[in-house]
Amino acid sequence: MQVTFKGEPLEVKGTQPVTGDLAPNAALQDSEGNAVQLKDYLNGQVTILSVIPNVLTRTCELQTKAFADETAEKDYQFITVGRNTVEEFNQWNQDNDLNVVTLSDVNGEFGDAYGLNINLGGDELLTRAVFVIDEAGVIRYEEFVLEVADEPDYQSAIEVADFVKK
């Protein structure tokens with residue numbers, strides 16, 4: 001798959017999961033720096049999984065805040081995954097007076113499992129994507145944002161999550 005960043009093409013390495021696939025598992029780090037398994041977070045809950053390149057950039061910040069706002073009163077969970085360090089995610093939450101569940105893909109296992117690795121300016125990051133995963137761990141919606149600098153389609157992800165939760 002190919003995406004662009006400010007119009008310049010970027011190759012996305014790997015094979016991406018699609019609607020109907022079982023959500024791949026991956027080892028990540030939680031906000032305490034503990035090694036965790038993604039499957040343990042998906043256990044029996046509808047989940048919006050928001051994937052970002054770097055929470056310290058404007059579009060990623062907008063994406064994370066928008067999903068936090070949209071899901072605050074919902075009966076499902078929202079998780080952000082990125083290559084930021086645990087410390088960066090924790091500082092971002094503190095600076096923004098939020099408590100977003102963040103999982104750090106510092107070891108790259110999530111990027112490999114979801115086929116979302118890109119090289120952006122010499123940095124190995126994740127391309128922007130959104131998944132809605134149902135209670136059984138099946139992907140019910142996926143969006144791979146074709147222009148990395150653009151925000152995702154929040155409303156479509158929320159509508160699918162609302163529908164799946166019924």
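Helices here are DSSP runs of H or I with at least four residues, strands are runs of E with at least two, and both are numbered from the N terminus. Keep that in mind for the whole talk.

Now the ground rules. This is a predicted model, so local features need pLDDT of at least 70 and side-chain atom pairs count only at pLDDT 80 or more, while totals for chains, interfaces and linings use all residues. Residues are numbered from 1 along each chain as its sequence is written, and side-chain values use heavy atoms, with hydrogens and water left out.

Let me start with tyrosine 114. Tyrosine 114 sits in helix 4, residues 109-114. Is tyrosine 114 buried or exposed? Buried, with a relative accessible area of 0%. The cut-offs, with a 1.4 Å probe and protein chains only: buried is under 20% relative accessible area, exposed is over 50%, and partly exposed is in between.

What does tyrosine 114 touch? Contact means heavy atoms within 4.5 Å. Not counting residues up to four places away in sequence, the list for tyrosine 114 includes Thr15, Pro17, Ala23, Leu38 and Phe131. Take alanine 23. Tyrosine 114 and alanine 23 are 91 residues apart in sequence, yet 8.5 Å apart in space, C-alpha to C-alpha.

Next, the rings. Rings of Phe, Tyr and Trp (its six-membered ring) pair if their centres lie within 6.5 Å; planes under 30 degrees apart are stacked, over 60 edge-to-face, the rest tilted. The structure holds five such pairs. One is tyrosine 114 with phenylalanine 131: edge-to-face, 5.3 Å centre to centre, 65° between the planes. This pair links helix 4 to strand 10, with the two residues 17 apart. Both tyrosine 114 and phenylalanine 131 are buried. Another is phenylalanine 131 with phenylalanine 144, also edge-to-face. Here the values are 5.7 Å and 75°. That pair joins strand 10 to strand 11, residues 139-144. Phe110, Tyr114, Phe131 and Phe144 form one aromatic cluster.

On to the cores. A nonpolar core is a set of buried Ala, Val, Leu, Ile, Met, Phe, Trp, Tyr and Cys residues joined through side-chain atoms within 4.5 Å. The largest has 21 residues, and Ile48, Phe67 and Val132 have the most contacts inside it. Helix 2 (58-71), helix 3 (86-95), strand 10 (129-133) and helix 5 (154-165) each supply at least two residues of this core. Which element gives the largest share? Helix 5, with five residues. Apart from this core lies another, of 20 residues, with Ala23, Val36, Val81 and Phe144 among them.

Val86, Phe89, Trp92 and Asn93 in helix 3 are buried. They lie on the same side of helix 3, because they cover an arc of only 130° around the axis. That arc is taken from the directions from the helix axis to the C-beta atoms. On the other side of helix 3, Glu87, Gln94 and Asp95 are exposed. The buried residues of helix 3 pack against strand 3 (27-29), helix 2, strand 6 (77-82) and strand 7 (101-104). Just after helix 3, aspartate 97 takes a positive phi of about 50°.

Strands pair if DSSP finds at least two bridges between them. Strand 6 and strand 7 run parallel, joined by four bridges. Threonine 80 has threonine 102 in strand 7 as its bridge partner. The chain crosses from strand 6 through helix 3 to strand 7, a right-handed β-α-β crossover. Right-handed means that, with the strands pointing away from the viewer, the path from the first strand over the helix to the second runs clockwise.
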